[in-house]
Amino acid sequence: MRSWLFKTEPKDFSLQDLQDAPDQTTGWDGVRNYQARNRIRDEVQEGDRVLIYHSRGKNPSIVGEARVVSAPYPDPTQFQPQHPGFDPRSSEDMPRWFQVDVRYVSSYAEPLPLARMRQYPEFADLELVIRPRLSIQQITDRQYQQILSLCEPELSVPGGLVSALF
DNA sequence: GCCAACGTTGGC
DNA sequence: GCCAACGTTGGC
């Protein structure tokens, strides 16, 4: 299982919105960047872990977790002329944009702000730090453990995984 | 296929 | 809301 970080603007769609959605599941539509699209289409797999990141807010942060619960499939909004995600270059037999379904897993006890991550040298190679605009980001197992130890401190080993790793 | 113009993103 | 960085478009 891989870990990913999906970015979203909470005023458009937040982790709370995911929690409130039917079956706590939604199609992650709206990816309109080719590199992010390639990852959704070619690399993201059912069962993968997704960290949800709220961008553009007052304090942009990793706020919780979701899970990929479908294979990739064409983003239906690209075919809807009234939708902001409409792409006239797409057709049903030549779809350009893809999405997966994600299901809510948890909200972290302590959301992890980007500003805080920047303070740790261990996160210096995080894509969020290097390429902040990419909306679908890869997270290594080690980075995931480090993030989790900061976001769910009471779940960490005694003495703190943070101190063990950092 | 270069690159200038333009549009979008997102931290601050 | 500003603006720098980045991604996309399209004329040549």
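Helices (H or I, at least four residues) and strands (E, at least two) are DSSP runs numbered from the N terminus. This is a predicted model, in which local features need pLDDT of at least 70, side-chain atom pairs count only at pLDDT 80 or more, and totals for chains, interfaces and linings use all residues. Residues are numbered from 1 along each chain as its sequence is written, while chains are lettered from A and ligands numbered from 1 in the order in which they are written.

**Helix α2**
- Ala-36, Arg-39 and Ile-40 are the buried residues of α2 (residues 34-42); buried means 20 or more other C-beta atoms within 10 Å, exposed 12 or fewer, and partly exposed in between.
- These buried residues line one face of the helix, because they fall within an arc of 95° seen down its axis, the arc being that of the directions from the axis to the C-beta atoms.
- Tyr-34 and Asp-42 are exposed on the face turned away from the buried side.

**DNA strand B**
- Residues around DNA strand B include Lys-7, Arg-56 and Arg-133, counted as near if the C-beta atom, placed from the backbone, lies within 6 Å.

**The loop between α1 and β2**
- Asp-23, in the loop between α1 (15-20) and β2 (25-27), has a positive phi near 60° and is exposed.
- Gln-24 is also in the loop between α1 and β2; its phi is positive, about 50°, and Gln-24 is partly exposed.
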